[in-house]
2 protein chains.
Amino acid sequence: MYKVRFLPMEKEIDVLEGETLLEVIRKAGIFIDSPCNGNGTCGKCKVKVLEGKVYNSKASKAITDEEIEEGYVLACCSKVIQDITIRIPQESSSAMYGMKIESLVGSKKREILKRAKDQVLNYGMEFVTYVRKDYIELSIPNKHDNISDVERLKRHVRKTLGYTQIYFRLPLLRRIPQLIREADYKVTITHIPRGMGKTTIINMEIGDKTSRLFGVAIDIGTTSVSTCLVDLYSGELIAEASSGNAQMKYGADVINRIIYSTKINGMEKLNHAIINETINPLLYKMYQDAKVSRDEVVSLVAAGNTTMSHLFLGVYANFLRMEPFIPAFVKAPFIKASELGIEVNPETFIYLAPSVASYVGGDITAGVLASGLWTSDENVLFIDLGTNGEIVFGNKDYMMSCACSAGPAFEGGEISCGMRATNGAIEKVTIDKTTYKPTLKIIGEGNPIGICGSGIIDLICEMMLTGVINRKGRLNKDLNTDRVRFDENGIGEYVLAFKEEYNLEKDIYITEVDIDNFIRAKAAIYSGVTTLLTSLGMDFTNIDKLLIAGGIGNSLNIENSIMIGMLPDIDRSKIAYIGNSSLMGCYLTMMSEDARRKLEEIANQMTYVELSLEPGYMDEFVSACFLPHTDINKFPSVRERFEKL
Amino acid sequence: MYKVRFLPMEKEIDVLEGETLLEVIRKAGIFIDSPCNGNGTCGKCKVKVLEGKVYNSKASKAITDEEIEEGYVLACCSKVIQDITIRIPQESSSAMYGMKIESLVGSKKREILKRAKDQVLNYGMEFVTYVRKDYIELSIPNKHDNISDVERLKRHVRKTLGYTQIYFRLPLLRRIPQLIREADYKVTITHIPRGMGKTTIINMEIGDKTSRLFGVAIDIGTTSVSTCLVDLYSGELIAEASSGNAQMKYGADVINRIIYSTKINGMEKLNHAIINETINPLLYKMYQDAKVSRDEVVSLVAAGNTTMSHLFLGVYANFLRMEPFIPAFVKAPFIKASELGIEVNPETFIYLAPSVASYVGGDITAGVLASGLWTSDENVLFIDLGTNGEIVFGNKDYMMSCACSAGPAFEGGEISCGMRATNGAIEKVTIDKTTYKPTLKIIGEGNPIGICGSGIIDLICEMMLTGVINRKGRLNKDLNTDRVRFDENGIGEYVLAFKEEYNLEKDIYITEVDIDNFIRAKAAIYSGVTTLLTSLGMDFTNIDKLLIAGGIGNSLNIENSIMIGMLPDIDRSKIAYIGNSSLMGCYLTMMSEDARRKLEEIANQMTYVELSLEPGYMDEFVSACFLPHTDINKFPSVRERFEKL
C-alpha cells in the first residue's frame, strides 16, 4: 500500500501497488477530465508529479517531451509504485470547459419552473403527468384459481382499474413471476393509459410505491447539457445538474460534429459521448442528490437542435449540412429508454421535442413553448443565443424562424479563456476608465477561472467605452497600462486577471482574435434579426417584445448587449432575458399533455426562412462586424453615449 | 501450412500452424457436435488422431486417460502442428442425437402443408399473410420541397396507399437517410397494417422487392426443433430444417430444464441454447438452401410446450413445476425478433402460440388448430407423443386436455441406442420368429445408427410376439440366439444390429432398462387417456376419431402401438397419424389471420385437467406398465393374437 497525496485539494489516500493514477484519482473522489476514458489518446488527464515517481505503463502521443520534462504525466498511463504527491492542474480538473457536473438546485431555477407551471395553468392547460401509478393487491393462486401470473394481473387491473386492454413488454414479463411472489402479491404498477380502455404497464414494484414518481427534462446543447429531475405529481424540481457536452472533443460546432459522425465509428462515438458520457453521469448525480432510484424515473423529455437530435438518436446526419439541407426526421418515432441506453427506467418512453428544419430544432420549439410567444397578441422576437443562434418572430397567428451560425463564443468556446457559465466564470465586468483595471463578478465563491458569455459581452462593451479597443475591436497601443500587451506577431491582448492577483496558474485575458470571434458571433445574431424582419417587410419598430434565451450566463446585461450591437437599439423595457427556455419547455411538455400538443402544433406551424437564400444577408452581416455597427445611426443610444464620452 | 485429412469422409484441407482442430473441422464444412463451443467441458468434439500428432493446448476433464491412450483428443483442445489424419467418430459427428441439421424439403412435408392450407380454405378462412409489401417512388427533395426524409416517406404513403397513421421504430429511422438516396428514392416498404388507417413499417429495401416476402414457422420441441421457411404470398414451403434442441445438454425433460434455469446463468444458457445454438443455425441453413436473406423474413410463428415457451422468452419458469403449477404467462406479449436475437428481420413480430396451462402448451393449441378437432361434430381424441405426452379430447363444442410425463423415450431419449427420427434411424422392425433375426428399415440411405420412436414400438411389439420378451418386458433367457445376452448384473439386451453386420463401431441393441423406460412412457399415455375419459364419464367407445401427432417417426405402426398397449384397442380405421401438427399449426397461424384468431379461441376454450388430482390415475398407470396391460381383456384383439400364437 502506498500513499498518494493530491494538491491543491490536500487529500491523501492509500492505494495498492500497480493501480493506475486515473483509477486512484477517481477513487479519491476527485474529478478529472478523461474523455477518452484511459486510452491515452486525449491527453486530458495530465497531472504533475511533485514528489516520488510513477511507472509509465503506456506510451502516448498526447503528452509532449517538454511536459514530461516539467514533471507531467498522463494519469491513465501511469501506475503507482511508491508514495507520491501529485498536483491536479486546473485544466485537467476540467473546471474550464469540461465535464464538471454542476448540481445545485438554485431557488432561481425552482422559481423559473414555478413560473413555467403557472403559465401553463394560466392558459387553462391541464398540469398532470400522463404516467400513472396504482397499488394493487392480487389474489393468491391456488389449485382452483391457477391462471397464469399475467392473466391474474390483467384480471385484477381490468376489474379494479377498469382498463380493458393491458399491454406490457418482455423485460417486465421476465420479472413478474419472482417479483409478485416476493411482494406477497402486493405490488405497485406504473402505467401509461392511452385512451379507449388501453394502458401499458412499464414498471412493477414491491409494495405501495405510489408516492414516488419522477421524470427528467434534458436540454441537449451543442456545448452544454442541462437536466432536471422533477416530482411528476407536484411538478417540483428536486434536483438539477448540468455539464459540458462530451461531444465537444469531436468538434465545437454542429458542422464539425456532423463531419465526424460520417467517419468510421464516428456516429457510435458521438452517440456514446452524449448518452453515456454526458447524460447518464448527470442523471446519476441527480439520483444521488435526490435519493431517487433509476427505475423510479418513468418520464423523459429532451430537446436539442436538429443535429443534436440526430446524434442523440444515432441517426445519419450528413444530409443536414448538404444542400438542400434535409433532416432525416423532425418528429422522432416512439423510442424506449433501453433502446438508447439512457439510465432511466428502461421502459420509459423518450419524447424528443420536434424540430422545424435542419437548423431550427426541438430546443427552439420547446423554447417557444416556454416563452408563451404562441399565445401572444403582440409581436415577439425570440432569440436563442447558443452555438447556433436561432431567431423566431411572430405571435399567436404566425411564427417565422431562422438560424445563424454564431459559433460557440456565447458559451465560451473559441475564446482563449472562455468557459461555460459555471463556477469560476467571470460573469460581469466593469473597467475603470482611468486605470483600465477591471472589476469582476465571479460565479460561485472561488477565484476566477475563465470568462463566460455574459462576461465577454460586458468586457467588450467596457473596453469599447473606455477606449481600450476601437470600434473594429483592435486594442489601443497607446494606453498607459500593463493590462494591454502585444505578442511578437503584434496580436494584442487585455489581461482581466493577472495570475498574481488571484494566485492562478496563468493570467486570464482576451485576445484580439477572441474579440474578432465574438464580434462575428454577435454580428450573426444582429444580421439574422434584421434579415428576418426585412423578409417580412418589417423592421425593429414592429418588435413589441424581445426575449433572449440561452445559457449565456445567469444574467445578461441588456444595455451592454445593445451597446456592442448584438441586440437592436429598442426600448429596454421590451427586452427580457429568460434563461434556458429549452429546458423549461421540456419540463412543461413532461408535465402537461396539453403543452405537448401545443409543442407539436408549434413545430408544425413554424415557418423556416433560410437566411443564406435571402438577398442582402451577407451585406448585413459584414456591416454588423463592427462595434456596434458600421452605421452607428442604427444605434442612436450608443451614438449618444459615444458623443457624451 | 499443414494438411489435415478427415476420415471417413476422405476430405483434406490446408491449415495454418496453431489453428485449433475444432476450427479446422468447422472450416472443412464437417459437422461436429460442440455444445460447449470450445470450452473443453462437454467432451463432445472427441476425434481420433490416426496419423501425426496434435498439440494439446488445454487440459480437460471431459476426456479419459483410456480414451487418450486410444488416440482420442478433444478437437477444441488441440492445435495443429504437423500434417495429420483424423477420424470423426459417429458419435461426435452428432448424427446420433445431436444438432445435425436435416434440411430436405420432402414432397411429403409439402403435401402436409398443402393439406393444412386446403383445410383453412375449406373452413372459409382467409389465407393471406398480414404483412404487406409496397413499392414506392418518392419525389426528390429540393430547396422548395425540403421536408424531412420521414415526412416525405409518410406523405407518400398517406397519398398513395391511404394510411393515415404511419409508424416505425428507431432502427429503421437510422437507415432511412442513406437508404433512400442509395435507392434513388425508389424503395420497397414492408409494413403491417393494423386497421383504422394505421400501419407499421418494419423494413425498407432498395428498388422493387415486392415479390420476395418470407416467413418461418418453428416447432420448439423439448427434444427436437423443426422449422420451415415459407413464401408468404403462395404459402408454399421453400425450405425446411430440423435438429435436436441444444438445451438437451442441460437436461432431457422439462423438469430438469426448469431446475437448470434457476441456477446461476442457467436461464441465459438455456435461452442461448434454443435461440443461438438451435433456431438460428436452422434458419441460416434454410436461408442458404433457399437463397433468401435474413431481412426478407418478416413473419415468425413459433410453438412449444409451456416450459419451452418460457425458456424461449427467458421468462422465469420455476413456478411451473411447483404446486399449484402457475405459468408466468399463457399468451406472450408483443415481442420483436431483435429482443430475442432471432435471425429474421430484426423488426419482425414474434408470435408464440398461446398455452393453456403449465403442462398444455402452445404446441398443443397449434396442433389442435391443425387437427381440425375444433370444427368436428364427432368426438376426437388428439394425442401428441413427445417428451411430454399431451392429450386433448373434444369436438367443436368443448375441449378437455391433460398432460402426462412420458419422458423422452418416444424421441429416442433415455434409450441406449435411441435417436431422433432422422437419417440412420431404424424406423421399422420385424423379427423372424424362429431365428430371432430382425429386419430393419432405416431412414435415409446409409447404415443404421440407432433407433427412433416408431422403431422402438415395432421392436417391442415384435419381441413380445416372438417371445423374445415376456409381458413384463423381461428377456427370455432360454432362446437359442446370440442376439439375446446378459451382462454381469443379469441385465439383458437384444442386439438389433451387430457391428460386423453393418461395419459399425459398436452394436445397436436395446436393454431391459430401455424397455422399462419405454413401457413407462407408453403406460403414461394410455393411463392419461383412460383417466381423462373417465373424468368425463366416458370410455373408449366414445372415441370417434383418434389422431396421433408428434415427431416419433415418419410413420407410426398403429397396429403395433395398440399391441404394446399404448393406444386403446379400438377400430383401426378411426386412428390416424398426423405428424408434426404443432408445426402445421404455426404455418396456418402465419398464413391466416382467421386461423390465428381461431388458435386464440382454442387456447381460451380448452379446459385443463390435472391428472395427478384425478382419483385412480396412479392405479391406471401401474396397471398399464405391462404389455399390453395387466388386464389383457382391455385389449381383446391382442388377446386374440396371443391366443393364436
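User: How do I read the accessibility of Asp295(A): is it buried, partly exposed or exposed?

Analyst: Good place to start, and keep in mind that this is a predicted model. A residue counts as buried under 20% relative accessible area and as exposed over 50%, with partly exposed in between. Asp295(A) has a relative accessible area of 27%, so it is partly exposed. Arg294(A) is also at 27%, and is likewise partly exposed.

User: Which salt bridge joins Asp295(A) and Arg294(A), and at what distance?

Analyst: Their side chains meet in a salt bridge of 3.1 Å, N to O. Both residues also touch Asn345(A), which contacts Ile202(A), Asn203(A), Val297(A), Val298(A) and Ala337(A) as well, once neighbours within four places in sequence are set aside. Asn345(A) lies in the loop between helix 9 and strand 17 (349-352) of chain A.

User: What about the side chains of Asp569(B) and Arg572(B)?

Analyst: They meet in a salt bridge of 2.6 Å, N to O. Here Asp569(B) is buried, at 16%, and Arg572(B) is partly exposed, at 25%. Salt bridges can also join up into a network, as in chain A, where Asp145(A), Arg152(A) and Arg155(A) are linked in this way.

User: How should I read a whole helix, and how many residues of helix 10 of chain B are buried?

Analyst: In general, an α-helix has 3.6 residues a turn, so residues three or four places apart point the same way. In this case, 10 of the 10 residues of helix 10 (362-371) of chain B are buried, so the helix is largely enclosed by the rest of the structure. Among them are Asp363(B), Ile364(B), Val368(B) and Leu369(B). Gly372(B) follows the helix, with a positive phi near 80 degrees.

User: Where is Ser224(B) placed, and what does it touch?

Analyst: Ser224(B) belongs to strand 13 (residues 224-231) of chain B, and it is buried, with a relative accessible area of 15%. Leaving out residues up to four places away in sequence, Ser224(B) touches Asp219(B), Ser243(B), Gly244(B), Asn245(B), Glu411(B) and Arg420(B). With Arg420(B) there is a side-chain polar contact of 3.1 Å.

User: Now for the two chains together. What is the area buried between chain A and chain B?

Analyst: The size of an interface is often given as the accessible area lost when the parts come together. Here that area is about 3,400 Å², and carbon and sulfur atoms give 65% of it. The contact takes 36 residues from chain A and 36 residues from chain B.

User: Which polar features cross the interface, and how many are there?

Analyst: The count between the chains is 2 salt bridges. One of them joins the side chains of Glu339(B) and Arg169(A), at 2.5 Å, N to O. There are also 12 residue pairs in polar contact across the interface. On the side of chain A that touches chain B, helix 4 (149-161), helix 5 (170-182), strand 16 (335-336) and helix 9 (337-340) each supply at least two residues. Helix 5 gives the largest share, 7 residues. By class, this side has 23 nonpolar, 5 polar and 8 charged residues.

User: What rotation superposes chain A on chain B?

Analyst: Two copies of a chain are related by a rotation about an axis and a shift along it. For chain A and chain B, the rotation is 180 degrees and the shift is 0.0 Å, with an RMSD of 0.2 Å. The two copies are therefore related as by a two-fold rotation axis. In chain A, the C-alpha nearest the axis belongs to Glu339(A), at 5.2 Å. The same surface serves both copies, since 100% of the contact residues of chain A recur in chain B.

Conventions: Residues numbered from 1 in each chain as written. Chains lettered and ligands numbered in written order. Predicted model: local features only at pLDDT ≥ 70, side-chain atom pairs only at ≥ 80, totals over all residues. Heavy atoms only, no water. Contact = heavy atoms within 4.5 Å. Buried area = accessible area lost by both parts, 1.4 Å probe. Salt bridge = Lys/Arg side-chain N within 4 Å of Asp/Glu carboxyl O. Polar contact = N/O pair within 3.5 Å; in protein donor to acceptor, adjacent residues only side chain to side chain. Helix = DSSP H or I, 4+ residues; strand = E, 2+ residues; numbered from the N terminus. Nonpolar A, V, L, I, M, F, W, Y, C, P; charged D, E, K, R; others polar. Buried < 20%, exposed > 50% of the residue type's maximum accessible area, 1.4 Å probe, protein only. Least-squares fit on C-alpha atoms with pLDDT ≥ 70 in both.
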